[in-house]
Amino acid sequence: MTSQFVVGQDTVILGIETSCDETAAAIVMGGNDVVSSVVSSQIDVHAEFGGVVPEVASRAHLESINPVVRRAIDEAGIDERRIDAIACTVGPGLIGALLVGVSSAKALALAWDVPFVGVNHLEAHLYASFLEDPTLEFPLVVLLVSGGHTMLIEMQDHGEYRLLGRTIDDAAGEAFDKVARYLDLGYPGGPAIDRAANDGNPEAVKFPRAMMDDGLNFSFSGLKTAVVNFVRKNPTVDSVDIAASFQQAVSDVLVHKAMKAAREVGATGVVLGGGVAANSRLRADLQAACAADGIGAFLPGREMCTDNAAMIAAAGWHRLRALGPSRLDIGAFPSMPLVEAGIADG
Amino acid sequence: MIVLGIESATESVGVSLASSDGVLASVEISRGRRHAESIVPCVQFVCERAEIELAEVGAIAVDVGPGLFTGMRVGIATAKSLAMALGIPMVPMTSLEVLAIGQSTADEIIVPVVDARKSEVFWAMYRRSEQGVDQLNQPTVGPVDDLISDLMARDQPTVCIGDGAHRYRDDITTGFSCVIGDARHPSAADLASEGVRRAIRDETVEERFVEPVYLRQPDAQINWSTRQVRS
Ligand SMILES: [Zn+2]
């Protein structure tokens, strides 16, 4: 079956994603035609804890996985026999959460006698842009910003990445969560800060921009501390102004370094990925900076920035075409790196 | 009626195929704890060896716990997705039930005890019957002392089995005079065989109604330092 498997424009892939707090399934044809995309979010389940609780997440994934897969197939309006392959996130992420998706995906592949392909979640975030613009030209610089990651990556070709820079402490999304919690703006922090900042003045407080002229790495823990110290000393300053000023500081650093990276590698454009890529300030600032430099700014729609399974299916399509299926005896890789993606191929 | 049994609620993982003729093929791995890696290859192996196509399987029996959360979830997710994809019903059984069914004693009370970690155990009491075993009380979780109190309250000849009975053998036999049976882990062959009997009696359920039996709330303490990668 798998040896003569040809991956083409009519190849239909079922993508599955369970690495953190979203149970997602999608049907994607030809690597970029999103036929259906279903995301069941656990935000409400985790809100009372102010963060993702791994055991709670794993339980919710097991409850949702089959209904979500069923809905993705139903909404696509296809017969399940039309599915050519199953792609699923195998890492990085929460081990117990990943294992629900991997187990389910391998079972579906076995029952329907189609290939299974393990996908790196970070790589999938890069592919979210290709879902909307399959004609993107290399080399590209990818700014991947989420609750777990803040990275600048050079994408030289499909499957060829070079890590240019990363956070040395907190991820940008983590800083959003912590500051939102401190300001009592709610959970998750990204959208909460974004909303509050809408009504605030981004120049009200000049928070530090760490490591601006210091290579392509990031640091966000000092910024979080600066916010806490400022609020302690100035309890009367409106929290919307704090939120707007904090958000501006994060955006300034991210955009500055992304543009610097793009100039260094001669990129045709900057691709934005990860949950923080939904932030409206960051999107606007990056777009303006890219326009000023005369290069492309590729910003996937908000629903494609946050965790979803369409990007998993898209990455799976490319991986299947380049490397073939994964073995059915692989498990999950909780701290899987993006570069030298450690999936056992066979 | 051919039934595929998937067992992964404790440290052991097993897959078995059974029919009304008995067990057709069975594999058990009690070392390594690589449940997610092993189950699907084990399913392929038993099908190949028994020369059975998955399409011939009429129902999936699965151990729904209680046990190790991650291990049991891997088995349940695999079993439920297989059942959904194949369009066949399921036979869910608790780990305690599967252990009890495998105990070939006649008169004693059968008490499967599954290690619940954190100095606790899962247990329930069974008595052999015409149809297999009758459950005498609801499965519970608690410290070994609670199990001993439970045994003393019933005060009948008893055989305790399962990894919890072995781990706390000294505590249990000091507190209450009983036999510790050989069985450590629920057997996939027992699960599949009992699955056949129940499937023949039409005691199957739809895949969407099969749920894990955790018997314990998640440890919901946020510890920022151990919070894992989120992306
Ligand atoms: Zn993500």
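Predicted model: local features only at pLDDT ≥ 70, side-chain atom pairs only at ≥ 80, totals over all residues.
Local features are reported at pLDDT of at least 70 and side-chain atom pairs at pLDDT 80 or more, while totals for chains, interfaces and linings use all residues, and side-chain values rest on heavy atoms, without hydrogens or water. Residues are numbered from 1 along each chain as its sequence is written, with chains lettered from A and ligands numbered from 1 in the order in which they are written.

**Fold and dimensions of chain A**
- Chain A holds 11 helices and 10 strands, taken as DSSP runs of H or I with at least four residues for helices and of E with at least two for strands, numbered from the N terminus.
- The C-alpha trace of chain A spans about 65 × 45 × 30 Å along its principal axes.
- The radius of gyration of chain A is 20 Å, which agrees with the value near 20 Å that a compact globule of 346 residues would have; the radius is taken over C-alpha atoms, and the globule rule is 2.2 Å times the number of residues to the power 0.38.
- Among contacts in chain A between residues at least 6 apart in sequence, 72% link residues at least 24 apart.

**Burial and surface of chain A**
- Of the 346 residues in chain A, 60% are buried, a term that means under 20% relative accessible area (1.4 Å probe, protein chains only).
- The accessible surface of chain A, from the Shrake-Rupley method with a 1.4 Å probe, amounts to about 12,400 Å², and carbon and sulfur atoms contribute 48% of that area.

**Two residues of chain B**
- S12(B) sits in the loop between β1 (3-7) and β2 (13-19) of chain B, where S12(B) is buried at a relative accessible area of 2%.
- Leaving aside residues up to four places away in sequence, S12(B) touches E7(B), E28(B), I29(B), S30(B), H35(B) and H185(B).
- H166(B) belongs to helix α5 (residues 163-167) of chain B and counts as buried, with 13% relative accessibility.
- With residues up to four places away in sequence again not counted, H166(B) touches I180(B), G181(B), D182(B), A183(B) and R184(B).
- H166(B) and D115(B) are 51 residues apart along the chain, and their C-alpha atoms are separated by 9.0 Å.

Conventions:
Buried < 20%, exposed > 50% of the residue type's maximum accessible area, 1.4 Å probe, protein only. Contact = heavy atoms within 4.5 Å.
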